[in-house]
Amino acid sequence: MQQRDFGTTGLRVSVLGLGAGQIGDARHSEDLAGTLMNRALDHGVTLVDTARGYGLSEQRIGRHLSWRRNDFILSSKGGYDAEGAQDWTPAAIRLGIEQALTRLRVDWIDIFHLHSCPLDVLRQDELLGALDDAVASGLIRVAAYSGENEALHWAVASGRFGSVETSVNVADQWSARHVLPHARDAGLGVIAKRPIANAAWQYARRPTGQYAETYWERLGVLDLGSVRQGAGLEWDDFALRFAAYTPGVHSAIVGTANIENLERNIRLAQNGPLPLDVLTHIHAAWDAHGQDWGGEV
């Protein structure tokens, strides 16, 4: 598995990361969660991304991966739901990190994101100061922001963060066009989420009310099926390699609770970037139709 320098943070991450949201679902067994996460690390996946809001995810990482703490980069998110603190306050940052460390059974979190808070919250000096304090005390190594659009743009330009996490995929190129070049210039690490566009292509009809709905609509407008078929690629291969090898992206995280899917994603990520002619068609389709679309919300 290819490993990349994570901006100028001093960290290194795998081209494919594991999004640990689905394994936080209580409907999945402890045995499955543990097997899948350890299998990922065994195959060279070195970035595991979780969050306070991902069900049992942090607890399960603690149970099944804390003994391998030096084998992976741990990314989490918070700012909300901290016991004993109001959301989006310095106390929520401090207590949230401390409580996450307990759930994760670790001494530090490598990357800690403010999780999709709006711009007016993100710009609060006392909130950013709480992140600075957490870095200074060694509880986290990199202060980060996870989000989209104007708040993401501000976070990159602010100089207050070492990394960002944002949507990058064939149906969502806003951040890749408008933010990632600035992030690269600033030496920020970049995690691409939703790299396979929530697999929106699997729906024959509009998946109304589901996360994939916006991407389903966009894929219909972009009409990339002929480009994909002409290259002889399956949708997941086409989409994952586009995101993972977008300039400025250091790791693309894919969530799954299926070991076969995990192992297929690992194989696909190692196929390298898409051919230049395929990329040219993808970018041309976005130029023709996607200029007025913002990033995913």
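**Figure 1. The lining of the largest cavity in the predicted model.** In the lists of residue classes used for this predicted model, Ala, Val, Leu, Ile, Met, Phe, Trp, Tyr, Cys and Pro count as nonpolar, Asp, Glu, Lys and Arg as charged, and the others, Gly among them, as polar. On that basis, the residues lining the largest cavity divide into five nonpolar, four polar and five charged. The cavity holds about 70 Å³ of space, and the count of cavities of 30 Å³ or more comes to one. Its lining is made by 14 residues, and those that lie nearest the centre are Arg52, Lys77, Gly78, Gly96 and Arg103. Strand 5 (73–78) and helix 3 (90–104) each supply at least two residues of this lining, with the largest share, five residues, coming from helix 3.

**Figure 2. The largest pocket.** The largest pocket has a volume of about 1,000 Å³. It is lined by 29 residues, of which Gln22, Arg194, Asn198, Tyr211 and Gly255 are the closest to its centre. Two or more residues of the lining are given by strand 10 (251–255) and by helix 12 (259–269). By class, the lining of the largest pocket consists of 11 nonpolar, 11 polar and seven charged residues.

**Figure 3. The second largest pocket.** About 190 Å³ of space lies in the second largest pocket. Among the 14 residues of its lining, Phe242, Tyr245, Thr246, Pro247 and His283 lie nearest the centre, and the elements that give two or more residues to this lining are helix 7 (174–178), helix 8 (180–185), helix 11 and helix 13. The lining of the second largest pocket comprises eight nonpolar, three polar and three charged residues.

**Figure 4. Nonpolar cores around Leu114 and elsewhere.** In soluble globular proteins, nonpolar side chains tend to be buried together. The largest nonpolar core of this model has 65 residues, and within it Leu114 and Tyr145 touch the most other members. Not counting residues up to four places away in sequence, Leu114 is in contact with Gly78, Trp88, Ile93, Leu122, Leu127, Leu128, Leu131, Ala144, Tyr145, Ser146 and Phe161.

**Figure 5. The buried residues of helix 9.** In helix 9 (residues 213–222), the buried residues are Tyr215, Arg218, Leu219 and Leu222. Seen down the axis of helix 9, these buried residues fall within an arc of 100°, so they line one face of the helix. An α-helix has 3.6 residues a turn, so residues three or four places apart point the same way. The elements that cover the buried residues of helix 9 include strand 8 (163–167), helix 11 (235–244) and helix 13 (276–289). Just after helix 9, Asp223 takes a positive phi of about 55°.

**Figure 6. Val15 and its contacts.** Val15 is placed in the loop between strand 2 (12–14) and strand 3 (16–19). Its relative accessibility is 1%, and because residues under 20% count as buried, Val15 is classed as buried. Not counting residues up to four places away in sequence, Val15 touches Met1, Gln2, Arg4, Ala244, Tyr245, His250, Ser251, Ala252 and Ala269. The C-alpha atom of Val15 is separated by 30 Å from that of Ala130, a residue 115 residues apart from Val15 along the chain.

Key
Residues numbered from 1 in each chain as written. Predicted model: local features only at pLDDT ≥ 70, side-chain atom pairs only at ≥ 80, totals over all residues. Heavy atoms only, no water. 1 Å grid on protein atoms, 1.4 Å probe; cavity = no way out; pocket = protein on both sides within 12 Å on 5 of 7 lines; lining within 4 Å. Points joined across faces, edges and corners; volume = space filled by probe spheres on them. Helix = DSSP H or I, 4+ residues; strand = E, 2+ residues; numbered from the N terminus. Buried < 20%, exposed > 50% of the residue type's maximum accessible area, 1.4 Å probe, protein only. Contact = heavy atoms within 4.5 Å. Arc of directions from axis to C-beta. Core = buried A, V, L, I, M, F, W, Y, C linked by side-chain atoms within 4.5 Å.
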